[in-house]
Amino acid sequence: MNVLEVNSTDYASCNSDNPITNWTRGAGRDVVPLNVTRPYYFISGKGFCYGGMKLAVKVENPPPPPVASPLNGAPPSIYRGTIILPTVFAIGAMWDAFVWVW
């Protein structure tokens, strides 16, 4: 088996006569860096492409991360722990004091 990078026309017709790049290194160690935003077309020569051994990859830039929407009607400080966490500690301290008194 071999890994040949070809153009889209050669990919569609399984033509391995003029590959752009032969990525075959042997023993299954074929590594192709996909670091440019563009379509890549790979086929296997020696007739294997006609059996389906071909791959098209479209490399795109990642989408921007989603923007967090504000919570409706609730002050954001409550959800950041500025009120909840101290309240939990205060209740815990009172409970501990109550248990020690009994």
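Predicted model: local features only at pLDDT ≥ 70, side-chain atom pairs only at ≥ 80, totals over all residues.

Me: Where is Met 1 placed?

Reply: Met 1 belongs to the segment before β1 (4–5). Its relative accessibility is 61%. Exposed means over 50%, so Met 1 counts as exposed.

Me: How many aromatic pairs does a search of the whole structure find?

Reply: Two aromatic pairs turn up. Take Tyr 11 and Tyr 41. Their ring centres are 5.3 Å apart and their planes stand at 50 degrees, so this pair is tilted.

Me: Which parts does that pair tie together?

Reply: Tyr 11 is in helix α1 (residues 8–13), and Tyr 41 is in strand β3 (residues 39–43). The pair therefore links parts 30 residues apart in sequence.

Me: Is Tyr 11 buried or exposed?

Reply: Buried means under 20% relative accessible area. Tyr 11 has 17%, so it is buried. Tyr 41 has 22% and is partly exposed.

Me: What about the rings of Tyr 40 and Phe 42?

Reply: Check the angle between the planes. Under 30 degrees counts as stacked. The planes of Tyr 40 and Phe 42 are at 5 degrees, with centres 6.1 Å apart, so the pair is stacked. Both Tyr 40 and Phe 42 are buried.

Me: Which charged ends sit over rings?

Reply: The charged end of Arg 38 sits over the ring of Tyr 40, 3.8 Å from its centre. The charged end of Lys 54 sits over the ring of Tyr 11, 4.6 Å from its centre.

Conventions. Residues numbered from 1 in each chain as written. Heavy atoms only, no water. Phe/Tyr/Trp six-rings, centres within 6.5 Å; stacked < 30°, edge-to-face > 60°. Helix = DSSP H or I, 4+ residues; strand = E, 2+ residues; numbered from the N terminus. Buried < 20%, exposed > 50% of the residue type's maximum accessible area, 1.4 Å probe, protein only. Lys NZ or Arg CZ within 6 Å of the ring centre and 35° of its normal.
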